[in-house]
Amino acid sequence: MSDAAPAVERWLAWRYLATRQREGFVSFIAMFSLIGVALGVATLIVVLSVMGGFRQQLLGRIIGMNGHIVITARDGMVQATPELLAKLKDFPGVQAVHLTLERQALVSTNGGQTRGALLRGVRPEDLMSREIVTKNIVHGDLGAFGTRPGIVMGERLRQALNVRAGDKVTLVTHKLNENGTIAPRYTDYELLASFFTRRFEFDGALVFVPLPMLQDDLEYGNQDVSSIDLDIADPAAAPRVAGELRKVLGRDDLKVADWLGLNARFVGALQVEKVMMFIILTLIVVVAAMNVVASFTMLVRVKRGSIAILRTMGASPRTIVRAFFMSAAAVGLVGTAVGTALGLLVCANMPSIGALLAWITGTAGSGGAEVDFITSMPVRVQPIEVASVMAVAIVLSLAAAAYPAWRSTRVEPVEGLRHE
């Protein structure tokens with residue numbers, strides 16, 4: 001009998017889902033509830049994946065141009081001694097050590113154009129290791145960087161100055177005279193190349209200069225740098241590695257900061273936006289679940305006579321409850337499965353969808369950095385997020401199925417038969 005009971009319950013559940021004459025409208029609502037759950041789940045997966053893709057690109061650009069851990073002096077310049085550099089290179093988890101010297105300056109051309117810029121003195125090997133620069137060169141070539149007085153600047157800055165590779169530009173910095181007055185310092189460089197990262201603060205103001213040449217121009221020693229940037233194996237572990245590094249160095253004159261701490265507001269805003277979007281879009285699934293409750297509560301009322309007949313024939317209340325629960329839960333579970341498949345399918349074809357949207361809006365091939373960034377539709381599907389969406393949808397579906405199942409036990413056989 002125990003083996004036959006589940007079969008009977010499954011058969012009843014299927015019968016309750018099947019469309020019949022009087023309850024056809026109820027089954028119609030149940031079908032649209034399934035579609036609602038599927039669309040809600042698919043929307044959640046697509047939105048979270050696209051947001052994850054944008055987040056990865058934004059953080060990748062921040063990390064790609066700077067180190068995961070930044071060491072600066074509490075006062076003045078950092079002395080990049082061989083002993084300090086050797087200790088940093090040998091520290092567990094550190095993959096690369098970069099030296100950086102930064103100064104504000106003016107960049108002027110023979111044509112009379114002048115723009116403010118951030119000079120960043122780097123070693124040639126450090127610049128070549130920055131893929132965000134090397135893979136985004138749009139004008140000129142990096143091959144001669146460090147071999148002669150040449151600079152590499154952002155593409156927006158190059159266009160604003162109206163210069164091309166091979167043209168001469170003048171870097172205007174300042175120096176402090178012996179009497180305490182400030183005098184301008186002029187140094188001529190050749191433009192070697194320009195890069196386009198699609199971040200305005202980099203493309204519109206950043207200028208790379210060979211570190212030894214910038215140190216000579218600014219009259220610094222060959223060990224004077226603004227910061228020492230470290231690349232580590234796991235960027236997410238930067239706070240922990242930075243804490244361990246502080247203990248190992250044991251120097252009060254140095255500040256050790258990680259990229260998460262330096263960009264705490266930006267990273268925090270992205271995380272809050274992601275959580276709020278998840279909560280808001282979950283309401284779509286909640287509405288679909290409420291439709292399941294409504295449709296199957298109506299079905300219980302329609303099936304009062306059938307429930308009464310089953311009860312008089314010996315069916316236990318538990319059998320009726322399980323049948324209605326399985327019937328209602330099937331709508332949510334099938335909707336979750338269909339929605340998950342639909343969401344992953346959309347994510348897999350997002351580049352084509354982005355290209356179609358760009359074509360529809362007339363922005364295809366416009367070349368605008370902000371437009372290209374949006375229409376590129378980056379996607380990052382994380383299994384933990386997909387599993388979370390499925391878990392929430394399943395829990396809501398089962399919760400929605402519980403009430404109609406409980407309502408079925410409130411039908412008394414005598415009252416049910418009276419209406420037949």
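Which residues form a nonpolar patch on the surface? They are Phe 28, Met 31, Phe 32, Ile 35, Leu 39, Leu 342 and Leu 345, with about 670 Å² of accessible area together. This is a predicted model: local features need pLDDT of at least 70, side-chain atom pairs count only at pLDDT 80 or more, and totals for chains, interfaces and linings use all residues. Residues are numbered from 1 along each chain as its sequence is written, and side-chain values use heavy atoms, leaving out hydrogens and water.

**Nonpolar patch**

- Helix H2 (24–65) and helix H13 (317–348) are the elements that give two or more residues to the patch.
- H2 gives the most, with 5 residues.
- Helices are DSSP runs (H or I, at least four residues), numbered from the N terminus.
- A nonpolar patch joins nonpolar side chains (Val, Leu, Ile, Met, Phe, Trp, Tyr) within 5 Å, from residues with over 30% relative accessible area and no salt bridge.
- A salt bridge is a side-chain nitrogen of Lys or Arg within 4 Å of a carboxyl oxygen of Asp or Glu.
- Accessible areas come from the Shrake-Rupley method with a 1.4 Å probe.

**Leu 345**

- Leu 345 lies in helix H13.
- Leu 345 counts as exposed because its relative accessibility is 52%, and exposed means over 50% (1.4 Å probe, protein chains only).

**Largest pocket**

- The largest pocket has a volume of about 270 Å³.
- A pocket is an open set of points on a 1 Å grid where a 1.4 Å probe fits, with protein on both sides within 12 Å along at least five of seven lines; lining residues have an atom within 4 Å of a point.
- H2 supplies the largest share of the lining, 4 residues.

Methods
Patch = residues over 30% accessible without salt bridge, like charges linked within 9 Å, V, L, I, M, F, W, Y side chains within 5 Å. Buried < 20%, exposed > 50% of the residue type's maximum accessible area, 1.4 Å probe, protein only. Points joined across faces, edges and corners; volume = space filled by probe spheres on them.
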